[in-house]
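Hi,

Here is the structure I promised to pass on. Have a look at it first, and then read my notes below.

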Amino acid sequence: MTTYTTNEFKSGLKIILDGDPYNVIENEFVKPGKGQAFNRVRIRNLKTNRVIEKTFKSGDTVEGADVVDVEMQYLYQDGTHWHFMHPETFEQYHAESAPMADAARWLKGEEVCMVTLWNNRPLLVTPPHTVVLRVTRTDPGLRGDTSSGGSKPAELETGASVRVPLFIQEGELIKVNTRTAEYVARGKE
Amino acid sequence: MRAARSEENCDWRPRAGRETLRLRAALKAQVRAFMDARGILEVDTPHLAFHAVPDPELSCFSVTGSRARYWLIPSPEYHLKRLLAAGYGDVYSLSSVFRDDEVGLLHEPEFTLLEYYRVGWDARALAEEAAGLVARLTGRPDGVRFIRYVDLFEEALGLDPLTVPAEQLWKAIEPERRPVGIEPDDRAALCDFWLGTVFYPRLGERETVIVHDFPAEAAALARLDPADARFAQRFEMVVGGIEVANGYHELADATEQALRFERDRAHRRRTGRPDVTVDSAFMAALRSGLPDCSGIAIGFDRVVLLAAGQDDLASTLAFPLAGCGLEASA
């Protein structure tokens, strides 16, 4: 098992803390005069995506996390698991619902996703930055109705909900930003 | 070790802009004029020493020569005190010092220290003079606020850091902010945590703050208060949230100094730091008699940083180590 001292912490290093894998964002060395030195570190929990600040005694060691990001193609969902395939090895991986929390509502099949593997198991699935999906339900939208800021709710074929401009109709394809869950443009097949 | 870099990928250009270097040079000239006007003598002391220092939290670089092993000085203190003991009067040094394992926004392994001594002065008088110098150099207001070390804790936490059970200093930290690797009963480390990561960053926004009367355990080379031995006549100067200086009414008692060295060495052994040998020339100088004096070490690069309004020490240096992939070399 690889261990790292706090002085080796640098942006991008993956470590394990309290049983969870974290990505190091920032590491600041703090030392009062003649006293004990500390490392004030900003880290992102790779399970929850939450960023926290943690202070370590300088020189303390932590275990490294075997975490890698691999691009994989989403294949299908079988009711409990989401299945992905490595494009070169054709090896298949399946993710449970927790790693899919952000991704599930944007995927319908064949999208290339970033799968973060921890000990070779999917920890987090990040959908493509934008996806093209069909609108399955939305009100016709009244021309000249500006009370809603010129947008209306729409449900997409994957079950996701976004706000779309009034001119978008049921059955149309739209391009959506998955990071902000916002409408980008009309989509093409 | 760092892999050799190809020439194409090597950023050879200086980090600090010419304006910053010009400011740096002007501030050095100001320091020298200030010292000269007060009859304080600039001396060049060696950078190579035969002994490291026993400070519990300090690592020196060792240098292997063909005839001997040397250490790069972490401060010119021992040499300057030998000059004081020899009767050379007020002296100062403005020069590079070296500390291993200290890299960060406010730390460079090689940095410039302004260290000076005033014979016959007490800590308060020196703190006031030095605060005036720093204010002048940084172009900040002249005001100085003195606050006792324990009062920082009393004001913020309502706790006396020296008498409460150490666990209370631990419990006062929000659970998710508690430092990893520190034991809840390690009073010294917890005091350092509060001081360095919580209190100092908030201090000295408008005025210069002098934190004084450090606990006796953190006396380093300061003498203890003759009226109350729980405290040392040591102070630190904080400006704009940054600790810029550390000063003492100097300990002149050689026997007490020898005891502290042994205590520090024992601490180093306990915490797994390499042992050090005691500098016998420094000890002999103390035994022959150090005049009553106070001394201060001012982080010159941090003064430049404050004067230039920057927030990264490396940007005040032409060729910082931190900017050259030092972090990546581990």
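Before anything else, one definition: a residue is called buried if 20 or more other C-beta atoms lie within 10 Å of its own, exposed if 12 or fewer, and partly exposed in between, with C-beta atoms placed from the backbone. This is a predicted model, so local features need pLDDT of at least 70 and side-chain atom pairs count only at pLDDT 80 or more, while totals for chains, interfaces and linings use all residues. Residues are numbered from 1 along each chain as its sequence is written, and chains are lettered from A and ligands numbered from 1 in the order in which they are written.

Let me start with Val276(B). With 18 C-beta neighbours inside 10 Å, Val276(B) counts as partly exposed. You'll find Val276(B) in the loop between α7 (254-270) and α8 (280-289) of chain B; helices (H or I, at least four residues) and strands (E, at least two) are DSSP runs, numbered from the N terminus. Setting aside neighbours within four places in sequence, Val276(B) is in contact with His51(B), Ala52(B), Val53(B), Pro54(B) and Arg265(B). Contact here says that the C-beta atoms of two residues, placed from the backbone, lie within 7 Å. Val53(B) is 223 residues from Val276(B) in sequence, yet their C-alpha atoms are 6.6 Å apart in space.

Staying in chain B, helix α2 (residues 77-85) and α8(B) have axes that come within 9 Å and cross at roughly 30 degrees. Axes are lines fitted to C-alpha atoms, for helices over the stretch in contact, and angles run from 0 to 180 degrees between N-to-C directions. α2(B) and α8(B) are therefore roughly parallel to each other (angles under 35 degrees count as roughly parallel, over 145 as roughly antiparallel, 65 to 115 as roughly perpendicular and the rest as oblique). Among the residues making this contact are Tyr78(B) and Lys81(B) from α2(B), and Phe282(B) and Leu286(B) from α8(B). By type, the contact of α2(B) with α8(B) divides into six nonpolar, two polar and two charged residues.

Now to the sheets of chain A. Four strands form an open antiparallel sheet in the order β2-β3-β4-β5, where two strands pair if DSSP finds at least two bridges between them. At the edges are β2 (14-17) and β5 of chain A, each pairing on one side only. The twist in this sheet averages 45 degrees from one strand to the next. Four bridges join β2(A) to β3(A), and Ile15(A) stands opposite Tyr22(A) in β3(A).

Another open antiparallel sheet in chain A has five strands, ordered β14-β13-β12-β15-β16. β14 (161-165) and β16 (182-186) of chain A each have a single partner strand, so one side of each is left without a neighbour in the sheet. Here the twist averages 55 degrees from one strand to the next.

And how do the chains meet? The contact takes 21 residues from chain A and 30 residues from chain B. On the chain A side, β5(A) gives the largest share, five residues. Helix α6 (residues 187-199) of chain B lies across β3, β4 and β5 of chain A, at about 75 degrees to β4(A).

Cheers

Key. Ala, Val, Leu, Ile, Met, Phe, Trp, Tyr, Cys and Pro count as nonpolar, Asp, Glu, Lys and Arg as charged, and the others, Gly among them, as polar.
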